[in-house]
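Trainee: Can we go through this one together? I would like to start with the rings.

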Amino acid sequence: MASVKIAVVLLACATLMATAAAYAPYRPEPEPCKTQAMYFKNCLLLVSECEKCCTGVVADPACFCEVEREAEIQCAPGHHCSRADKKIKIHEMNLSCMKNLKCKRA
């Protein structure tokens, strides 16, 4: 009887390991760059420390090339806007992730 229990446990473990091995290499496809750029811009609108948007929001660093540098962000507390219109362009924010980009231009 004990040997039957051991066999059942071993069979269950083998099944679980096979299932885990089958799903281990699965990784979801990353979002398209346009979508990642939109997430980045939305993050800039919501977060007071904009530098935090440089990590974790965009999966592929090449997608920073899709961000419209001339896009204006409504100033939030902590954005350090000195302009009267209370808007700042993304390229004026001097974010580390937007510097030294090697973008292909058409």
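**Aromatic pair and core**

Mentor: By the ring rule, there is one aromatic pair. Rings of Phe, Tyr and Trp (its six-membered ring) pair if their centres lie within 6.5 Å; planes under 30 degrees apart count as stacked, over 60 as edge-to-face and the rest as tilted.

Trainee: Which rings are they, and how are the planes set?

Mentor: Phe40 and Phe64, with centres 5.2 Å apart and planes at 80°, so the pair is edge-to-face. Phe40 is in helix α2 and Phe64 in the loop between α2 and β1 (72-74), so the pair ties together parts 24 residues apart in sequence. Helices (H or I, at least four residues) and strands (E, at least two) are DSSP runs, numbered from the N terminus.

Trainee: What is this model, and how are residues numbered?

Mentor: It is a predicted model: local features need pLDDT of at least 70, side-chain atom pairs count only at pLDDT 80 or more, and totals for chains, interfaces and linings use all residues. Residues are numbered from 1 along each chain as its sequence is written, and side-chain values use heavy atoms, leaving out hydrogens and water.

Trainee: Are Phe40 and Phe64 buried or exposed?

Mentor: Both Phe40 and Phe64 are buried (under 20% relative accessible area; exposed is over 50%, partly exposed in between, with a 1.4 Å probe and protein chains only).

Trainee: Where is Leu44?

Mentor: Leu44 sits in helix α2 (residues 33-46), and is buried, with a relative accessible area of 0%.

Trainee: What does Leu95 contact beyond its neighbours within four places in sequence?

Mentor: Phe40, Leu44, Cys50, Glu51 and Cys54, where contact means heavy atoms within 4.5 Å.
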